Amino acid sequence: MKILVIEDNESVSQMIGLFFEKEGIAGEFVMDGKTGLERAQQDSWDCLIIDWMLPSMDGVTICRSLRKAGDDVPIIMLTAKDGESDQVLGLEMGADDYVTKPFSPLALMARIRAVTRRRPAKEAETNSVLETIHFRVDENAREVFADGVAIENLTPKEYDLLVFFIRHPKQVFSRDQLLERVWGFDFYGDDRTVDVHIKRLRTKISRIGMPVLHTVWGVGYKFDESEEASS
């Protein structure tokens, strides 16, 4: 596994580096935001770990820039901010998860496994296509089309969540069930993560002109393309 860490705190980087060495992970460490963004764009990575507060460019700006450019690399934000609004902002900018400082290397490793586990190998040749009333999913290319138009800038977890719903039409899932089925058993976040990803997906697929991701109050969410569900 090859991971880029953009972190200006040398002691935090050293701690992560020692753990990466123990786990056999190839880690590269950058201490400022602009250089970190350049390295993220120059090479292929299995995961990016980005500190929120950085010299020259903050982590949220890096995350937003990568997603705007269509980069779907899994991103974990490191933050000393523990407010709900800060965590939601990071997720809305395209981060797949966040870790609040101080943290243990074991907790960070669990997050890394969770965000990278479902990212397919580039050489995989599955040739599987899913089609519904409005959607077409090319699983080999990890591309989703809504009424024939490509949905741009889906993060890895947004893609996973949408495909999970498409595979289970009209079934209602609680937030805990979605965390377990899409994020995995070792996810350490909370159910706000699900709400943020649903909100972002609704925005990105709004071109079809009707809601398909429905809130079932007191229970969770479901995917339903029928006219009855939208009325």
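A contact here means heavy atoms within 4.5 Å. By that criterion, residues 24 or more positions apart account for 60% of the contacts in the protein chain with a separation of 6 or more.

This is a predicted model, in which local features need pLDDT of at least 70 and side-chain atom pairs count only at pLDDT 80 or more, while totals for chains, interfaces and linings use all residues. Residues are numbered from 1 along each chain as its sequence is written, and side-chain values use heavy atoms, with hydrogens and water left out.

Start with the whole protein chain, coloured by secondary structure. The chain has nine helices and eleven strands, taken as DSSP runs (helices H or I, at least four residues; strands E, at least two) numbered from the N terminus. Of its 231 residues, 47% are buried, meaning under 20% relative accessible area with a 1.4 Å probe, protein chains only.

Next, select Asp-51, in strand S3 (residues 47-51). An unreviewed UniProt entry annotates Asp-51 as "modified residue: 4-aspartylphosphate"; such annotations may be inferred rather than shown by experiment. Asp-51 counts as buried because its relative accessibility is 5%. Beyond its neighbours within four places in sequence, display its contacts: Ile-6, Glu-7, Asp-8, Gly-59, Met-77, Leu-78, Thr-79 and Lys-101.

Then move to helices H6 (residues 156-167) and H7 (residues 175-183), which pack at about 110° with axes 10 Å apart. Axes are lines fitted to C-alpha atoms over the stretch in contact, and angles run from 0 to 180 degrees between N-to-C directions. H6 and H7 are therefore roughly perpendicular (65 to 115 degrees). To see where they meet, show Lys-157, Asp-160, Leu-161, Phe-164 and Phe-165 in H6 against Leu-178, Arg-181, Val-182 and Trp-183 in H7.

Definitions and conventions. Buried means under 20% relative accessible area, exposed over 50%, partly exposed in between (1.4 Å probe, protein chains only). Angles under 35 degrees count as roughly parallel, over 145 as roughly antiparallel, 65 to 115 as roughly perpendicular and the rest as oblique.
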